[in-house]
Amino acid sequence: MTNFHRSLILGTSALALAGCGADEIVSPGTGGDVIINPGGGGTPTPTPTPTPPSSEVTPAAGCPTISDPVGLTDSGTISGPTGEYRVCTMPAQFTASSTLPYIEGLLYRMNGRVDVGADGGPAPDDSDGLSDTNVQLTIEPGVIVYASGSSFLNVNRGNTIQANGTADRPIIFTSRDNVQGLNTDSSSGQWGGVVLSGRAPVTDCIASGAVPGSVNCERQVEGAAQPAIFGGATPDDSSGSMSYVQIRYSGFVLSGDSELQSLTTGGTGSGTELSHIMSFNSSDDGIELFGGRVNLSNLIVVGAEDDSIDTDTGVKANLQYVIAVQRPGAGDTIIESDSDNAFNDSTPRQNTRISNATFVHQKADDQAIRIRGFADYSIANSVLVSNQGTACLRVDGQEELFRAANASIDEAGPVAFDSFVLDCETPFRDGSGSTAAEMESVFDNGTNNNSAFTNTLSMLFLNGSNEDAVPVFDVTAWGSFFELPERIGAVFAENADWVNGWTCTSATVTFDSSTSACTSLPVYD
């Protein structure tokens, strides 16, 4: 059996990561110092093959009874490398609050779109003609949910999810192929993802004439065949909580060019609690935040094939302790940001603040971070490494770079960087309406920034001596969500254990070598 342990394995051997292509970027497996060196060479060391469980899982006798009147459907069994499991298919819509318990030898399945409750409308009363159903879906630690194709989970407005795993037993949303052992470390796009639809303000209203940020401003989840609506005027709305959750192999194309992300928040309010979320190999973005008021801590995005973090339509987001690592040769930007699709100065303006991030960009591309569309953006206490010659920062437009406080705008200030270090062959590039020199000037005006930094990261994410030597910027002035960190970066000696136990192991990056491979399922004693 595979046990989950809270131990960060740090060896003493040195493995060099070359910047010469996908096959030369490897996980250290059992640990060691890995120096990202764009000009280096070296022979890759393959990730050790995970030890299979000592005995295989056997299927549970049947499906549990839940409160929902439709209940779970016993769909037989499914087999994979870790054993045989009872399959319990969820109803297409939960109409009563229900709990999915952890049962050994049992997996839960989504067969198409699964809704939690019905859409309660943009207001938390019945003034819009839609009454809240107040359905809560609770998922116990250790539960594994799988799906395929266009299946996705949508938590409708007025309803909530409580999906709170533990460091030893995370909750896993994954694909059928993952269960059957068919995936590799480059597989992706095998099912939809998880969507939280809330009532907080958004822009880009679907109704003609609706005022952005008002109760009448709503949007629709991208690609959904049947409308999945979000938005309203309740900044502190709650869609529930999610913690210690993995979302693997998501991003199936629902329609046209529209794909879901691992996690999509649409108009999610500040009452929603999100922490310890891992996105692995989304074929689109790792996470995308559409409007709302989002607070998210301890986020890991690995192998996203579009943007690791995409923020738009007026979101006001606070993130602390963030790791985003692309697969070598895959992905687009680490961050893509704009305020609204019309690229005008409508309100609410986006205002995203990130502290203590470690970003590793591993593809020859246009830029690692792109900020545009009149978005306000602040990054502090963070490290950005681009090891394939890609420019680090691009900011489009004079408004984003130089706008001062303006009484007509709901948030004052353009992009801002403090205690942010860049290890890139080209730190800045020209944007639409701005130049690299202007970007450099703004960057240099911040405190403790360094655009000629040499990283000493090990294992792609763990601080070395150079990172630890950078002075910390006090982000508590940003708001009560943020804590004053001991160091810059996402993982350092004083907080190194937050990545342990609940993550999975891959050739891209290994956070804890005691955990099971992302290509497999964990098996618990």
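Glu218 forms a salt bridge with Arg157, with 3D positions that put their closest N and O atoms 2.7 Å apart; a salt bridge here is a side-chain nitrogen of Lys or Arg within 4 Å of a carboxyl oxygen of Asp or Glu. Glu218 lies in the loop between strand E14 (194-197) and strand E15 (219-220), and Arg157 in the loop between strand E11 (153-155) and strand E12 (160-164), so the pair ties together parts that are 61 residues apart in sequence. Helices (H or I, at least four residues) and strands (E, at least two) are DSSP runs, numbered from the N terminus. Arg157 counts as buried because its relative accessibility is 1%; buried means under 20% relative accessible area, exposed over 50%, and partly exposed in between, computed with a 1.4 Å probe on protein chains only. Salt bridges that share partners join Arg157 and Glu218 with Asp119 in one network.

The model is predicted, so local features need pLDDT of at least 70 and side-chain atom pairs count only at pLDDT 80 or more, while totals for chains, interfaces and linings use all residues. Residues are numbered from 1 along each chain as its sequence is written, and side-chain values use heavy atoms, with hydrogens and water left out.

The count of salt bridges comes to 14. One of them links Asp74 and Arg86, whose closest N and O atoms are 3.4 Å apart. Asp74 belongs to strand E3 and Arg86 to strand E4, so this pair ties together parts that are 12 residues apart in sequence. Asp74 is partly exposed, at 40% relative accessible area, whereas Arg86 is buried, at 15%. Another salt bridge joins Asp177 and Arg176, with 3.8 Å between the closest N and O atoms. Arg176 is partly exposed, with a relative accessible area of 36%.

Next comes the sheet. Ten strands form an open sheet with parallel pairing, in the order E5-E8-E11-E14-E20-E22-E24-E26-E28-E30. Two strands pair if DSSP finds at least two bridges between them. Strand E5 (93-94) and strand E30 (391-395) are the edge strands, each pairing on one side only. Within the sheet, strand E20 (residues 263-266) pairs with strand E22 (residues 287-290) in the parallel sense over four bridges. Thr264 has Glu288 in E22 as its bridge partner.

Cys392 lies in strand E30 and Cys424 in strand E31 (residues 416-424), so the link ties together parts that are 32 residues apart in sequence. Cys392 is buried at 0% relative accessibility, and Cys424 is buried at 12%.

The structure holds four disulfides, and with bonded cysteines counted along the chain they follow the pattern 1-2, 3-4, 5-6, 7-8. In the disulfide of Cys63 and Cys88 the sulfur atoms are 2.2 Å apart. The torsion about this S-S bond is about -105°, so the disulfide is left-handed. Cys63 lies in the loop between strand E2 (33-37) and strand E3 (73-80), and Cys88 in strand E4 (residues 83-89), so the bond ties together parts that are 25 residues apart in sequence. Cys63 is partly exposed, with a relative accessible area of 23%, and Cys88 is buried, with 0%.

Cys504 and Cys518 form a further disulfide, with 2.0 Å between their sulfur atoms. The link of Cys504 and Cys518 is right-handed, with 95° about the S-S bond. Both cysteines lie in the segment after H4, so the pair ties together parts that are 14 residues apart in sequence. Cys504 and Cys518 are both buried.

Helix H3 has a buried side made up of residues including Ala436, Met439, Val442 and Phe443. These residues cover an arc of only 125° around the axis, which puts them on the same side of H3; the arc is that of the directions from the helix axis to the C-beta atoms. An α-helix has 3.6 residues a turn, so residues three or four places apart point the same way. The face of H3 turned away from the buried side carries the exposed residues Ala437 and Asn445.

Two residues other than glycine have positive phi values. Asn448, with phi of about 60°, lies in the loop between helix H3 (436-445) and helix H4 (465-468), and is partly exposed at 36% relative accessibility. Tyr249, with phi near 55°, lies in the loop between strand E17 (240-248) and strand E18 (253-255), and is buried at 0% relative accessibility.

Note on methods. Disulfide = S-S within 2.5 Å.
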